[in-house]
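Trainee: Hi! Could you walk me through this structure? I'm new to it.

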Amino acid sequence: VGDSSAIDKQVDSVCPYCGVGCQLTYQVRDDKIVNVVGRQGPSNLGRLCVKGRFGFDYPNHASRLTRPLIRREGVPKGVDPNFDPANPLTHFREADWDEALDMAASGLSHLRAAYGAEALAGFGSAKCSNEEAWLFQKLVRTGFGSNNVDHCTRLCHASSVAALIECIGTGAVTASFMQATQADVVILTGCNPAVNHPVAATFFKQAAKKGTKIIIIDPRGQSLSAYAHKVLRFSPGTDVALFNALLNVIVTEELYDQRYIDEHTQGFEALKIHVADMTPEAMSPLCGIEPEEIREVARLYAQADKAMIFWGMGISQHTHGTDNARCLISLALACGQTGRPGTGLHPLRGQNNVQGASDAGLIPMVMPDYQPVTDAQVKSAFEELWSTPLSSKPGLTVVEIIHAIDAGSIKGMYILGENPAMSDPDLEHARAALAKLEHLVVQDLFVTETAQFADVILPASAWAEKDGTVTNTNRQVQMGRAAVPLPGEAKPDWWIIQALANRMGLNWHYQHPRDVFAEMKQGMASLDHISWDRLDEEQSVTYPCPADDQPGLDVVYTDAFPTETGKARFSPTRLLPPDEPVDTDFPVVLTTGRQLEHWHTGSMTRRTRVLDALEPEAVASLAPAELAKYGLQPGDALTITTRRGEITLVARIDPQMPEGMVFVPFCYVEAAANILTNPALDPFGKIPEFKYAACKLSAAVLA
Ligand code: SF4
């Protein structure tokens, strides 16, 4: 809006989408956002991508929930293709808040009394603020009485976090992505930043223009290749073979940094022995990369003065996802590429607050700040803080909870902002399990696919309608502010969680998210020297922050790692094939992910006018040669079948795809990619193998 008289007010906030955490300003007229402009935030410098710039009108969508809903008697639970979210009264009836909250809480309390604390579980959301995440996990731990609380980090970077905690003692990045502009070499692997972290990609492009050598390691091609010094397109699922070959070169050519290894690590001798046989020649037939290419990349990374590694879900979403991340950490430790400007390890986080939600304890095996639930001292500290006895039994993870519902041991759930009826692997199984719940409370903006299984639906607040803090992929804690009023009877999420908690016997009296933040500081040392008032004034403070007058540490672990010994550790990895390798019956690799215009299960972006107009239909991307094998033209219908189901959608040519692979975004309910995906889990991070399933393709006719 160029004409400032056309707007009533401007409100500074943060983008609600990806983990880059771009700061923005909402321009408001007549209590509606009419425009969004970028601000000079540390992670975006005024820039926004298409989602941040145009993805602001979903809160006004015709299907927005404005009153609590209760399921009508006799309506079966499930994703009904004839259900119209804009007219939910076919399946639900409206209720006032007292009736809906009473029913929501009494249903959960009844199950707790009948079957015990372990019969309940909760999914929080990385779409929510830090304060909401804190309250949600506190309700599950103190009100439900178990640690059965998880969120979508389990489906994106749980394996990265598992490896980072094991090897360097913490689950967050060691340096921001802005540091890439100071690096000599940057490895981007298993990520496609121009699509999934678009403003971060601008920093990589800037780095390349300044002379940083960008190395892209991924089975698929991508637009950032135009800025790359080297591109290694390896065979899908063979990451560990390739990374161990890189380590082998670093060991055999003595490219490692012995002084750094001696001072800061342990376990290198065992790693040396472990990778001795994994020569480039031995690994090349597996990963499809020529030995000399492997050697060249190993030398570039190891001999660089300053080098960084960034990775995405192409690394983490495998049954060997934790092993993938362990390899990347080993590369950095062996070469001393952490703890200095222009060096570091950085898993690019997906959602705007997935870092913060994890920090705040929406994880079943750890309390806030990754403190183990099994640690007696941790347990007693939180029992004192919350004046409530706590369980020391680690809870179940996202996919384990779905299995437990299926098996009958979990009977009731509270789901805030998550959409497992779209996001979980082997979706028909996950949906069948959700239908078995005796009591499901869903809190969301819309009647999502998951809400179609709910007994009670509580109308929640959109990001631009509430105050709260979020933590981005760089560990920058940032302030979001309400720009527009809540519609109808919708309520702030913190208010709803508190109302439910008090009806389940707790005694909470928060008046505002700032009260919650103050309590968080008592249980989270990571928030030392960061206060609500500071964030309100300064907009962004990075944790850890050593003093009230400092902006926080962009690069961490310069002297020691946060482990018992202060040293990081190498964790050797075995070569394991994907859980479901391709074969003659299912000869093509299916991989899933996001598009630039759409975000996660599409509950927000598919209700955004501009974004939905740009990408309106479900598509599958294939290499031209792959499409030709089936006699298909772009725009033709294609059926993809795996051992778990089939979907039919529109075929699109993508020259960046390798032959033998098909890519499907997971945001389209009409062709839900997760009907196809494999629920096999990484044994450490408990993350499903979304990036590799065996499938077959056939020409089809769209209904
Ligand atoms: Fe929002 Fe991410 Fe785009 Fe920035 S890069 S505008 S945070 S979606």
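Trainee: Let me start with a detail: which residue in β18 is the bridge partner of Asp 444?
Mentor: That is Pro 459. Before we go on, keep in mind that this is a predicted model.

Trainee: Okay! Which strand does β18 meet there, and in what sense, parallel or antiparallel?
Mentor: The pairing is with β17, residues 439–444, and the two run parallel, joined by four bridges.

Trainee: What about β4 and β18, how do they run?
Mentor: Those two are antiparallel, with two bridges joining β4 (residues 69–71) to β18. One of the pairs is Leu 69 with Ile 457 of β18.

Trainee: And are the faces of β18 covered or open?
Mentor: Both faces are covered. Val 456 and Leu 458 are buried on one side, and Ile 457 and Pro 459 are buried on the other. As background, side chains in a regular strand alternate between the two faces of the sheet.

Trainee: Nice. Switching topic: what is the strand order in the five-stranded sheet?
Mentor: The order is β10-β9-β8-β12-β13, in an open sheet with parallel pairing. β10 (230–232) and β13 (344–347) are the edge strands; each has a single partner strand, so one side of each has no neighbour in the sheet. On average, neighbouring strands here are turned by 15 degrees against each other, ignoring direction.

Trainee: Which helix packs on that sheet?
Mentor: Helix α13, residues 321–334, does, and it touches β8 (185–189), β12 (307–311) and β13. The direction of α13 makes about 170 degrees with that of β12.

Trainee: I spotted Lys 230 in β10. Is Lys 230 buried or exposed?
Mentor: Lys 230 counts as buried, because its relative accessibility is 12%, and the cut-off for buried is under 20%.

Trainee: What does Lys 230 touch?
Mentor: Leaving out residues up to four places away in sequence, Lys 230 touches Ile 214, Ile 215, Ile 216, Glu 293, Glu 296, Val 297 and Leu 300.

Trainee: There's a ligand too. Which residues surround the ligand?
Mentor: The surrounding residues include Cys 15, Cys 18, Cys 22 and Cys 49, along with Tyr 17, Leu 48, Lys 51 and Pro 198. By type, the shell divides into nine nonpolar residues, two polar and one charged.

Trainee: Which helices supply at least two residues each to that shell?
Mentor: α1 (50–54) and α6 (198–210) do.

Trainee: How many residues are in the largest nonpolar core?
Mentor: It has 62 residues, and Trp 134, Leu 139 and Tyr 414 have the most contacts inside it. Setting aside neighbours within four places in sequence, the contacts of Tyr 414 include Leu 108, Phe 123, Phe 136, Leu 139, Phe 144 and Leu 500. Apart from that core lies another, of 56 residues, among them Phe 83, Val 399, Ile 401 and Leu 437.

Trainee: Now the three-stranded sheet: what is its order?
Mentor: The order is β19-β20-β21, in an open sheet with antiparallel pairing.

Conventions: Residues are numbered from 1 along each chain as its sequence is written. This is a predicted model: local features need pLDDT of at least 70, side-chain atom pairs count only at pLDDT 80 or more; totals for chains, interfaces and linings use all residues. Side-chain values use heavy atoms; hydrogens and water are left out. Two strands pair if DSSP finds at least two bridges between them. Axes are lines fitted to C-alpha atoms, for helices over the stretch in contact, and angles run from 0 to 180 degrees between N-to-C directions. Contact means heavy atoms within 4.5 Å. A residue is near a molecule or strand if one of its heavy atoms lies within 4 Å of it. Ala, Val, Leu, Ile, Met, Phe, Trp, Tyr, Cys and Pro count as nonpolar, Asp, Glu, Lys and Arg as charged, and the others, Gly among them, as polar. A nonpolar core is a set of buried Ala, Val, Leu, Ile, Met, Phe, Trp, Tyr and Cys residues joined through side-chain atoms within 4.5 Å. Buried means under 20% relative accessible area, exposed over 50%, partly exposed in between (1.4 Å probe, protein chains only).
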